[in-house]
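Thanks for asking me to look this one over. My notes follow as numbered points, to be read with the model open beside them.

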Amino acid sequence: MNNLQILSVTIKRFRGFPSSVTIPFTRGLTVIYAANGTGKSTICQAVEWLFTGGIADISSKAYSCLWGEGDMSVSAHCELNGVPLCFHRTEKSLFTTNLDGSGKKSLTETSLLQMITPNEIGVGNTASVNRTRRDWFRHSRWLYSNSLSMLVDDAEAEQRRQIFANILGYGHLANQQKSVQDYLRYLPSIQSFQKQHDEIALLKKDLLAHAAPPTVIKENADKKKQTLITFLNLTEIPEDLKTILAFSKEEMNKRHAVWNIRSQALADIITRWDTASSEFSKEPETRQLNDKLLKSLKDADITLDNLRHKAAEYEALVKNHQENASKIITAQDNRPQNSPLSVYVQSIAGRPLLTLNQQELRDLMPESRYARNTLHTLRKAISDLVATVSKHEFILDHRKEWEAFIKESPEKKDVSLYEMAVKDEEARLKVLTEQFNELSGLTEQLYSLGKAVVSQSSSSQCPLCRHDWKEHAELESQIARVGASLAPQLKVMDDALVLCRSALDDKKKAHAKCLEDFKQRLFWQKQIATADSDITTCIDKHALHEKIAYTPGVEIKTNYLLEEITHIDQAIALLRLDDEVNRVLSLLSSDSLPENAGTFQKVDYIEKALPERIVIEQELIAQNIKLLNDTNKQLEDHKIVRENIAIRLRKVEQTLSSITLFTQEFRRKWELLLDNKPVQKDMLLKYQHQHEEEEKKLSQIHQYINELEAYLETEEVSKQIISLQNREAELARIIEIGKQRKTIAENALTELTRDIELRTSQTIESLMLPASELFSRMHANEVYKGFDVADRGHFNWRATTETPIDDEDKELVAEHYFSQGQRQDLALSLFLSRAKSLGGTFFMDEPVAHLDDLNRVAMADIFRMMCLADRGLSLVLTTASDPLRRHLRQKFSSLSHPGHPLFSVVMLKGSPLDGIDIQTSIPQVSRPLYTPSNLRRTD
């Protein structure tokens with residue numbers, strides 16, 4: 001066996017451990033105590049991942065700690081069969097080193113599993129062997145809560161049998177037994193072959209019973225086949241009979257179809273021969289009459305079209321004259337209104353309007369020479385200019401006044417001179433103040449300051465002591481009295497300060513006045529520039545330079561602009577009157593008007609000519625209406641004539657259509673039989689004889705096909721019977737081979753099963769005795785005496801009792817009768833017995849979670865007994881129970897061993913977010929070590 005002793009494990013960023021921690025394992029019992037969620041199970045899972053590359057029922061995405069830094073890794077210091085060795089696994093590598101870190105050697109998953117598992121484990125390909133070795137190692141070294149079903153339940157007996165077979169030394173036989181069982185399971189069944197064999201035998205028997213004797217011998221068949229080829233022209237197809245018959249039947253079907261069509265056509269021609277003779281004779285005469293009527297109908301249509309065109313012309317003339325009359329009447333009712341325009345023209349002409357021709361009107365109103373759109377655009381432009389001038393009317397009215405002020409006001413350089421003067425005076429005041437302060441004390445300085453403040457205000461309150469002297473003059477006299485007591489030199493300096501301050505105030509006032517005038521200058525300059533810019537922009541925008549000459553600074557007259565608008569409005573009115581007059585003149589004859597007649601002359605002519613034109617238009621309307629009525633009467637008469645011709649034509653066309661349909665159908669059938677040969681009686685009789693001969697030949701060929709098909713069917717049945725006989729023999733051989741294989745495999749399986757059961761009976765006691773003893777220690781006061789194996793080859797556990805339960809049966813199925821705690825007792829007993837057999841380090845995650853207090857005490861004694869009995873056994877137990885930790889500490893505190901403690905406690909504190917702290921404690925020895933000879937059970 002492969003004895004794997006794990007001395008310590010180092011975990012870094014794995015599951016709940018964010019940083020690197022090292023956990024030592026004692027050769028004996030190591031208790032890992034911590035609250036739930038602190039990392040007890042993580043230690044077991046880390047060791048499992050190190051040696052197997054995975055964790056059962058946990059995704060690989062959840063291995064790495066979310067709050068850690070660096071790479072995930074797990075390392076373990078071990079002794080493998082007594083040889084010190086370190087195993088290391090990261091996310092990307094797997095290797096071993098010596099204890100000092102030297103001698104690094106890379107590993108594969110396969111090589112690692114071969115090192116830590118027995119050689120006889122696993123059969124098949126590499127993936128299958130690795131999976132079997134990984135499962136064996138996981139179930140042999142770890143006891144999780146989900147291990148209960150594997151160790152106890154009958155449903156998991158197959159996996160349990162393999163694991164225990166490896167432990168007891170005959171795992172290779174179990175593998176062979178499973179291989180033989182798999183061979184038998186996947187061995188092809190002979191039932192389907194046997195069924196096929198029986199079906200073939202029945203089919204062969206049926207064919208032999210129903211096979212008809214041959215009616216055609218081979219020589220006759222060949223002759224008839226050749227007849228088919230020649231008659232049906234089958235020279236380009238293969239010469240085997242089956243293919244020839246298929247093509248022959250297809251060709252005969254086509255020929256029969258053609259023969260049937262021709263037979264029907266022949267019968268129709270014979271039946272209709274007399275009718276056809278009559279119809280053929282009437283067809284030319286009827287066609288000639290039809291052509292004559294078509295020509296008459298065409299002539300009638302031409303006459304009708306001419307009359308319709310003439311009526312349409314008269315109707316259009318009537319409509320045109322009616323519209324003209326309506327327009328003239330409307331124009332008479334709405335004669336051009338020219339009163340306002342007449343007054344304006346009369347005012348500027350100074351003579352009668354009817355004496356003005358068109359040229360003179362244009363000279364009086366030059367604006368009327370422009371197009372109306374141009375005048376509208378010009379009017380809008382001048383209106384915009386008027387609005388712009390009105391907007392800046394105040395500025396334009398005060399322009400001369402503002403320009404005079406600007407001419408006399410200070411410029412920017414003057415403001416700068418005043419600023420420099422103020423700064424010079426402030427500098428001089430600062431110098432005098434500093435000189436005065438150097439020679440004076442606090443009192444003199446306060447006097448000077450107060451004097452300066454009082455001189456700048458009219459208040460009666462002292463600025464220093466806040467005393468109110470009622471009158472400002474009184475305050476000044478008091479200050480002057482204080483000044484009289486000053487030293488002569490200070491008096492002189494004080495007077496100089498007073499004069500300097502006064503000069504500074506005057507210069508500041510002058511500077512403020514200059515600055516104010518300069519700002520006013522800038523403001524008015526901006527206002528004038530804005531007005532000039534707006535007016536110039538408006539003139540440029542509307543291109544009014546030729547109409548209005550404007551220069552900035554020159555006054556622009558609003559009245560002049562308004563007069564221009566009036567001229568434009570009257571020109572627009574004149575143009576509108578011209579358009580109206582011309583529209584009315586288009587309805588009249590204007591030959592009597594002078595060529596250059598003026599607008600008002602045209603208006604006078606219209607008023608006189610309108611009544612005469614209305615009378616003329618009404619006469620033309622009456623004349624054209626009479627012509628239209630006459631034309632419509634002629635049109636109706638010709639419609640009646642045309643309808644009579646059409647009725648006769650329809651009757652002739654119906655007759656001709658009936659004759660044509662009959663003759664066309666008759667000719668189509670005749671051409672189907674005799675192509676383009678003339679329609680004659682002797683030709684018909686000759687074809688009738690040929691048709692009858694063809695029918696006889698087709699019947700003979702059809703008989704040949706039936707006889708050859710019967711011959712071919714006989715040949716096919718013979719070949720099918722031979723093929724069935726061959727297949728029947730092949731199936732019989734396959735069935736015999738299958739029976740032999742199954743018999744050999746079943747005999748081999750029987751021998752292997754007998755050998756495994758014999759070896760199990762001989763070796764299981766080494767496992768069952770300690771396991772049963774451990775189980776009985778935990779249930780000595782209960783009804784169960786122990787447990788045994790019902791089927792030693794499959795390890796199905798049975799509980800034994802002192803007295804029979806049912807039908808003399810003292811064994812009960814453990815899976816059905818044990819409670820959860822009792823099943824955990826049984827699992828622990830089997831696991832510890834197996835651990836004792838294998839040796840090395842074993843992990844138990846919460847192994848006593850379902851046990852009562854009595855069984856926990858018994859389990860603690862078992863742990864102590866096993867650690868004392870086998871110095872090479874290491875047990876790692878995780879628990880969140882503080883009473884169990886204290887009880888185990890008390891049980892092991894009385895044991896000692898020179899340089900080798902048998903018990904240690906590893907306490908975990910913290911969280912994955914804050915980190916995990918490790919504390920390891922070894923209890924103090926209270927009395928000498930027990931020896932196996934004086935061990936006894938303690939309650």
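1. Which helix supplies the largest share of the lining of the largest cavity? Helix 21 does, with three residues. Please keep in mind throughout that this is a predicted model.

2. To stay with that cavity for a moment: its space comes to about 40 Å³, and the structure holds one cavity of 30 Å³ or more. The lining is made up of Asp 268, Ile 269, Arg 272, Glu 665, Phe 666 and Lys 669. Helix 9 (241–271) and helix 21 (599–674) each bring at least two of the lining residues.

3. Two of those lining residues, Glu 665 and Lys 669, also form a salt bridge, with their closest N and O atoms 3.6 Å apart. They are separated by about one helical turn, because they sit four residues apart in helix 21. Lys 669 is buried, at 12% relative accessible area, while Glu 665 is partly exposed, at 28%. Shared partners then link Asp 268, Glu 665, Arg 668 and Lys 669 into one network of salt bridges.

4. In helix 3 (residues 126–141), Arg 138 and Asp 135 are three residues apart, and their side chains meet at 3.5 Å, N to O. Here Arg 138 is buried, at 13% relative accessibility, and Asp 135 is partly exposed, at 28%.

5. The other is in helix 10 (residues 273–333), where Lys 282 and Glu 279 are three residues apart, so about one helical turn separates them. Their closest N and O atoms are 3.9 Å apart. In this pair Glu 279 is buried, with 16% relative accessible area, and Lys 282 is partly exposed, with 42%.

6. Do have a look at His 197 in helix 7 (residues 191–210) too. His 197 counts as buried because its relative accessibility is 18%, and buried means under 20%. Beyond its neighbours within four places in sequence, His 197 contacts Glu 728, Leu 731, Ala 732 and Ile 735.

7. Leu 913 belongs to the loop between strand 14 (903–911) and strand 15 (915–921), and is exposed at 59% relative accessibility.

8. Finally, the overall picture: 27 helices and 15 strands, with 40% of the 939 residues buried. Among contacts with a separation of 6 or more, 70% come from residues 24 or more positions apart.

Technical notes
Residues numbered from 1 in each chain as written. Predicted model: local features only at pLDDT ≥ 70, side-chain atom pairs only at ≥ 80, totals over all residues. Heavy atoms only, no water. Buried < 20%, exposed > 50% of the residue type's maximum accessible area, 1.4 Å probe, protein only. Contact = heavy atoms within 4.5 Å. 1 Å grid on protein atoms, 1.4 Å probe; cavity = no way out; pocket = protein on both sides within 12 Å on 5 of 7 lines; lining within 4 Å. Points joined across faces, edges and corners; volume = space filled by probe spheres on them. Salt bridge = Lys/Arg side-chain N within 4 Å of Asp/Glu carboxyl O.
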